[in-house]
Structures are given as structure tokens and as C-alpha cells.
Amino acid sequence: MRREILLNDAWEFTIKDQKEVVNLPHSWNGKDGQDGGNDYLRDVGTYRKVFKRPEMKEDEVLSIQFDGANSVCDVILNGVQLGHHEGGYSRFIFDVKEPLQEENELIVKVDNRADPRIYPDAADFTFYGGIYRDVNLVIRNKRHFDLHEDFAPELKCTPKVDGKDGVLTVDVKAEGDVLLEVLDEKEQVVASGKPGDVLKIENVHLWNGKKDPFLYTVRGTLRSEEGELLDEVKTKIGFRTFRVDPKKGFFLNGVAYPLRGVARHQDRPLVGNAITKKDMEEDMDLLREIGATTVRLSHYQHDQYFYDLCDQYGLIVWAEIPYISKYLPEGDQHAKSQLSELIHQCYNHPSIICWGISNEITMFRKTFGKECRAHHKELNEYAHQEDENRLTTIACFSVMNIFNRVAHITDLASYNLYWGWYVPCTPVTGWILDMWHLFYRKSPIGLSEYGAEGMPNLHSSHPKRFDNTEEYQAIYHEKMLKSINKRPYIWATHVWNMFDFGSDGRNQGGEKGINHKGLVTFDRKTKKDSFYAYKAYWSEDPFVHICSKRYINRTDKKATIKVYSNLNEVTLYVNGKKVETLKGNKIFRFKINLEEENNIKVVSGAYEDTALIRRVKEKDQSYIVPKGGNNMSWQK
């Protein structure tokens, strides 16, 4: 039977004549990719691992599986080249064809240098180098289920809903007696058959988003002619229908299901993209807490484990490739290769409803033209050819007008709009979407990015654009929430971003190398006030939250105490005395006179929150962006 051996420990890593022993996942840009200057090391790093020959039977074979290495990778075992892979975000697997020795030397060369053939080339995030996901030895019988194209899972499952029933076709590549079975959550077989059969599940239990993300297990077993079990593989699937109405938005299983959520980058402080399953679970816990129904997994293929979590917890996913910002005339084949890997490797995930073709591809106008449009058409056609059951989409650059032909190639379109941050006048975002809706009534439109920088250490009683305060970010998102709620036709909205992330070319808010548009800080330890604004609108878990709790020292004589809550009544106490009870919806504002020290408490039923405000004579300079701490550009 197949088995895996994790190969993450004790690799000898060398780069620029510097040598150290590291454990995987690992990136050599965990520090310099987040400290500003846009000067992080982009070079070739060499990983070396000596491992003993695993116990194997004569009829077994070995493969080496890499879940992610950025971005060009050569794998050499005992001096023999096993394979070459281009693309930093997908899985790849190489077979070991030469006999193993008792001790084996595995060398992996990883290259994250700029290459005019390989995406991404220019973007507002760091391209961390390294083997930043797991490496496994995979042992299988010589007669086994083969992977599909692009190292895709052995079981390619296409579930559909037919009335009250589910119908499933499963493609496999194997020689021998194959049995396919569908198991429910109690591991009871509800359907079975052979390759080529249509498996029917009567009264199928639908995968219904956050409300009921029900998953079936598909199991494939391979036996010899004598009945010996040679191989077994499993995958999770879900049965659901969806559609997008240009007037009413997204529908899941025939019912309106507004897609309101966030975008996610995967990196963390000091480790970059070299994150753990525990890190991914923490991200999912925060997504669930805020009440999001969708997540845009930007701007590349994420770890399969995170797609599994989205399946498990019912988040609708926009999946995309790093075809971003700048069209590379020599990169057409690579963009198609990354799209192919994304589709094939992620095909079974019920959470995914659309494939993102590109993001802000018209940013560098000199590189955009007929060739780029033609390539978009090719990618769109290819996505439909490889997956006829999902939609395609695009994230349009903010200044690209709605009549640009590239916006009308895919099934869906969304815009990245930062009115109220990079440019003034927040309401313009809604007006642009209204204009699309007016001119293209049969074409769905969404909001793929919007946001403002906000740092929990910066504060102001009179917040304004570019001050990077927690208060301005919260006010911006309040306006956006109200604007979005007025427009049910928007097929999906994604806040940019759920988490702060590394972008080495940035210098904003006095902290270099970080994009601070997240609703949660880079280390995931601090939920900014704007996080609770969305929680008030999206989550059903009752809570109260006092805004500006970190704005302790103030020179004002009066203050407005702002509270976010999904409850409809909140009472304010100051220094133990009841001040007022307000009834309202999502946002509550109390006006008070400030004493020298003010112990604030808000209560709603069994839920409460507290804060401290001090009245001081001089402004606290730590709340203000230091001089020279606001360079907006990340571009080369």
C-alpha cells in the first residue's frame, strides 16, 4: 500500500557562499523580503539532503513530491536529474527511476531571480524564494493509480446535481481491477461502480456553503487479477449548483447567497511563505470569525491544505494565477502552464467556483496591447475546455475603463477600486460599479479589491486619507459596507486584504516592507477595528467592540465612543456610571466629556467590552506617522 515519508528535517542550505542547516518549509527571504528597500535576495539557493534508503518491497516504486518551491526548481538525486519545474506555487512530483543507494544525496536548486518568461514579474508582494512547502517521499506499488495531467490527483471527480440526486463521473488512470466507491460522513457506501460508470447518489446531501458544507469521500481501490490490493486513493467532493445573476448576484443551490468576503495572502513575519498547517488553520479561524462567505486566494495557487479547509468550512473560493500587473510577451506559455496546473490540481474542490485569469494586467500600459488581449482569450477558452463546470473571471485595474475589451472576455468581471485611499472620494467606487451595471445589464460585475492602510499604533481624533490610522481605515470600511449593501447586483466583494502582508518595495506608516491594508495584523495577533466592522455586518455570533481602544492618550475635552456590534442595543458606562443606552444597527456612537482618566465599558446582555482613555496635555507623537514614513510606491 502507498505511504508517505515527510522529508522536511535537516537540509543543508547554501546561498551566496553562506551555508546553514534548515528545516522545511523554508524561505531565504523571510527577513529581507519584509524590511523595505525592494532589495531582497533573488538568486539560486541550493538545498542538500542525505537520506537513507526507505524500506521498500521489490514491487514498489518511489517518487518525490514537492508541494511548492519558488520559482524555478531542478531536482537531482545521486547525480541524476529527476526533473525541472517552472512556477512557484504549484505541486510537482518526480519519479525515481534509478535504483536507490543505502544513502542517497538529494540536491534541489531553487531560483527566484527575475525571468521575462515567468510570472509574477511585478506586483505588490514579495516573491519569496525557497522550498516553502512540504517535501515527501511517496512509495507505491508498481501497479498504482497514476496522476493525471499536471500532477493532478489520481481521482478526477466531476459531481453534478440532477434533481434530488447526485451523479458522479470519475476518471482514473490505472491497469487492473478498479472499484470506485462514494462514502458519506459516516463512511457508509452510498454508490459504487467501475471507471466509466455514472455513479448515482439518491437524495444527495448538498454542499451548501457555510450553512452546511457536506462532503462525500470518493475511494478508489486497485486490485490485481488475483484480488490482491495494490493501491488505494481517496478524495473529498461536494455536490452543489451555482449561478450568477447580473441583477441579483450569486446563487448557491438555487438560493441567493451573497458573496461577501476578503482576499488572502499566505505569508507571515520572518518566514515569508514558509507557513505551517497550524498557520493555515489560524487564518481559517479568523475568516470564520469575521463571518465571510467567500475568500479570494490571491494572487497564485495556494497550498492544497487551505483549499481543503475552504471545502470543510464552506467558504466560496476565487482561485487564480500570478498573471499580474505586467504582461510579459515571452510569458504566454508559462501563464497557460500555471493556469493548467491550478485547474487540474484543484479540480475536485467544491469550494472553488471560478478561475481567475489575471489581475490588473493593464497596469503597465506599454506592455499591454493586442497580444495580451489575444492571450486572455486563449486562457479563457482553455479554462472552459479543461473545466466546463466553473466560471472564469478577471480582476481589472482601477483606471481601466469599463469599455476596455479585456474586461469582457471572461464570464465574470470584478474591479480593484481604491477610491477613498489612493484617490479621494470613496463613493466613486459605487458609481463605477453602477455605470457597469447600467451599460452591461447582462454581465455580472464584482468588487475584487478595495481597502485602506490602517495601523493599530497610529491614531487621530480627526482621521484623514494617508494618515494610516486605525480610525481612518475603519471609517473607510464603514462607508464601503453601506455602499455594498445598497447594491445587491454585485456578484462578489473581496476586501483587500484580510491580513497585512510582505511587500518589500513599500514604506508606509513608518514600517517598511509591509502592506498594512489588512483587517488583521501581519502576525495575526491584532484584529483592527475594521475587522469588527465586518464582523458586525457578516457574523451571527453576538459581540460588542469598542473602537479606538489603543488610542489611549488624547488631548480632546470630548470624545465620541464608537461601538461595533451585531446586537441591537448597547449601554455605555464611564467610571462605573451609566451614561446612556442606544438602540441601533451595527454602529453605535456615544458622546462623552473626558475626565483625566476614563474607564469605559459597554454592555449588551451577556456581552461587554472595556477600554481606557486618558486626557493629556500634549499630543502623543507615537500616534503619528514619522517624517518620511509614507512612500506609496512598490514598483521597480
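Helices (H or I, at least four residues) and strands (E, at least two) are taken from DSSP runs and numbered from the N terminus. The expected span of a helix is 1.5 Å times one less than its number of residues. The structure is a predicted model, in which local features need pLDDT of at least 70 and side-chain atom pairs count only at pLDDT 80 or more, while totals for chains, interfaces and linings use all residues. Residues are numbered from 1 along each chain as its sequence is written, and side-chain values use heavy atoms, with hydrogens and water left out.

Helix α4 covers residues 370–386, and its 17 residues should span 24 Å at 1.5 Å a residue; the C-alpha atoms at its ends are 24 Å apart, in agreement with that expectation. A residue is called buried under 20% relative accessible area, exposed over 50%, and partly exposed in between (1.4 Å probe, protein chains only). The buried residues of α4 are Cys372, Arg373, His375, His376, Leu379, Asn380, Tyr382, Ala383 and Glu386. An α-helix has 3.6 residues a turn, so residues three or four places apart point the same way. The cover over the buried residues of α4 includes β13 (156–162), α3 (332–346), β28 (352–359) and β29 (391–396), where contact means heavy atoms within 4.5 Å.

Helix α6 (residues 470–485) has 16 residues that should span 22 Å, and its end C-alpha atoms are 23 Å apart, which agrees. Because 12 of the 16 residues of α6 are buried, this helix is largely enclosed by the rest of the structure. Among the buried residues of α6 are Glu470, Tyr472, His477, Met480 and Ile484.

A salt bridge is defined as a side-chain nitrogen of Lys or Arg within 4 Å of a carboxyl oxygen of Asp or Glu, and a search of the whole structure finds 41 salt bridges. One of them joins the side chains of Arg140 and Asp95 (3.6 Å, N to O). This pair links distant parts of the chain, with Arg140 in strand β12 (residues 135–141) and Asp95 in strand β9 (residues 92–96), 45 residues apart. Arg140 counts as buried at 5% relative accessibility, whereas Asp95 is partly exposed, with a relative accessible area of 41%.

In one, the closest N and O atoms of Arg268 and Asp283 are 3.0 Å apart. Lys535 counts as buried, at 9% relative accessibility. Salt bridges that share partners also join Arg264, Arg268, Asp279, Glu282, Asp283 and Arg524 into one network.

A disulfide is a pair of cysteine sulfur atoms within 2.5 Å, and by this rule the count comes to 0 disulfides. The cysteine sulfur closest to that of Cys157 is in Cys346, 14 Å away, too far for a bond. For Cys310, the closest cysteine sulfur is also in Cys346, at 10 Å, again too far for a bond. Cys157 is buried, with a relative accessible area of 1%, and Cys310 counts as buried at 0% relative accessibility.
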